[in-house]
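Have it open while you go through them.

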Amino acid sequence: MFGLFNKKTSTWLGVDIGSSAVKLVALSRSKRTLSLDSYAIVGLPASAIVDGHLQELAVVAEAIEKGVKICGTKLNNTITAVPSSAVIIKQLELSNAFSDAELEDQIKIEADQFIPYPLDEVAIDFEVQGPHPTNPDLNSILLVACRDNDVIQREEAVNSAGLKCDIVDVDTFAIERLLTYVSRDHLQNGDLIASIDIGASTMTLNVLHQGDIIYNREQGFGSNELTNAIHVQCGMSVEEVEQSFRLNEISVEIEAMLIEPFRDTVAQQISRALQFYYSSNVQNQLSKIYLSGGCSSIKGLVEVLEEEVGIPVELTNPFQTMDVQPKINRDRLNKDAPVLVKACGLALRVFDQ
């Protein structure tokens, strides 16, 4: 079982295993106030994660362990996630007359009908969400299934770093949770909110309505295109390029020659993704766009995108309303925040919002 729906505790460490880096966020709560205790971002070689699959488990575990040392805090209980591309999510409607044991057996029977793998190779978890809205004799049940290997690899990577992986979540749920946290006012008004995450190789659009993602689209575009262009044309190693971005040490020449044209390309790609959204069955206008991911902080991108799509755009910073430990550099955190979105969404899993 995933352990997605385990009981919540008061502290947690979210570990986002991305294709180019692992990100760690440690949150705690005092009374009703959330606090960011520590965080870390540790790069990964391109060969470590391929198409969402861990190819070099020891390398990933080493990166997580390094991240824990950077955090400088005694950490143990951890939540990580599998990518949504590796997961099957299904909404079931089953009789509320089943006992707990009978319900679990029935769910396995239902799952066998749409999961294209033998059930003994699949991790399954479910949550009874409550009575069906139109039929009181039925319960609405959320079922999540994933190949065992995808879950086990992430558990092993976390556990090998000296942590204890208690929950393996789904990255879509982490984004959903994070968006709900940062955009409560909009959601209470019934507004539609978009999250656009620009990863190393994939750009993902999620649209949220009343706390639920109602539209999702991924496309093959990401910051690797810019990183590789700088690497080839400027003779910098990939590691040097990524470090320069993090430290904001990109030269004016590189910015004018490569980054500004790429910024315009990002805006065009996002505009195209939104066109797909508006051409779908969901026609409602978006109220706001939250940007996240490695190159979302490119100078001028927010302004260019707002002009391109005509919607308010904001860099995602979930820590604005949290207490932040004094040892954390606030300027550095503000720059890193859009990269920490999934890790923060994972850590939020254990808190009632």
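Which strands does helix α1 lie across, and at about what angle does it run to β3? Point 2 has the answer, after some housekeeping.

1. Ground rules. This is a predicted model, so to speak of local features we need pLDDT of at least 70, side-chain atom pairs count only at pLDDT 80 or more, and totals for chains, interfaces and linings use all residues. Numbering starts from 1 along each chain as its sequence is written, and side-chain values use heavy atoms, with hydrogens and water left out. Helices (H or I, at least four residues) and strands (E, at least two) are DSSP runs, numbered from the N terminus.

2. Helix α1. Residues 57–71 make up helix α1, which lies across β1, β2 and β3 and runs at about 135° to β3. Contact here means heavy atoms within 4.5 Å. The axes are lines fitted to C-alpha atoms, for helices over the stretch in contact, and angles run from 0 to 180 degrees between N-to-C directions.

3. The sheet. Six strands build an open, mixed sheet, in the order β10-β6-β1-β2-β3-β16. At its edges sit β10 (164–170) and β16 (323–324), each pairing on one side only. Two strands count as paired if DSSP finds at least two bridges between them.

4. β1 with β2. Strand β1 (residues 12–17) pairs with β2 in the antiparallel sense, over six bridges. Look for L13 opposite A26, and for I17 opposite V22. The hairpin between β1 and β2 goes through three residues.

5. β2 with β3. On this side the pairing is again antiparallel, with 10 bridges between β2 and β3 (residues 33–43). V22 has V42 of β3 as its bridge partner. Two residues separate β2 from β3 in this hairpin, and K31 in the turn has a positive phi of about 55°. As for cover, eight of the 10 residues in β2 (21–30) are buried. Buried means under 20% relative accessible area, exposed over 50%, and partly exposed in between (1.4 Å probe, protein chains only).

6. Helix α2. The length checks out: the 15 residues of α2 (100–114) should span 21 Å at 1.5 Å a residue, and the end C-alpha atoms are 22 Å apart, which agrees. The expected span is 1.5 Å times one less than the number of residues. Its buried residues are L103, I107 and A111. They fall within an arc of 75° seen down the axis, so they line one face of α2; that arc is taken from the directions from the helix axis to the C-beta atoms. An α-helix has 3.6 residues a turn, so residues three or four places apart point the same way. A101 and Q113, on the other side of α2, are exposed. The cover over the buried residues includes β7 (87–95), β8 (122–131) and β9 (138–147).

7. Cysteines. How many disulfides are there? With a disulfide taken as a pair of cysteine sulfur atoms within 2.5 Å, the count is zero. For C71, the nearest cysteine sulfur is that of C344, 13 Å away. C71 is buried, at a relative accessible area of 4%. For C295, the nearest cysteine sulfur belongs to C234, 16 Å away. C295 is buried too, at 5%.

8. P136. This proline is in the loop between β8 and β9 and is exposed, with a relative accessible area of 61%. Its C-alpha atom is 8.3 Å from that of N96, although P136 and N96 are 40 residues apart along the chain.
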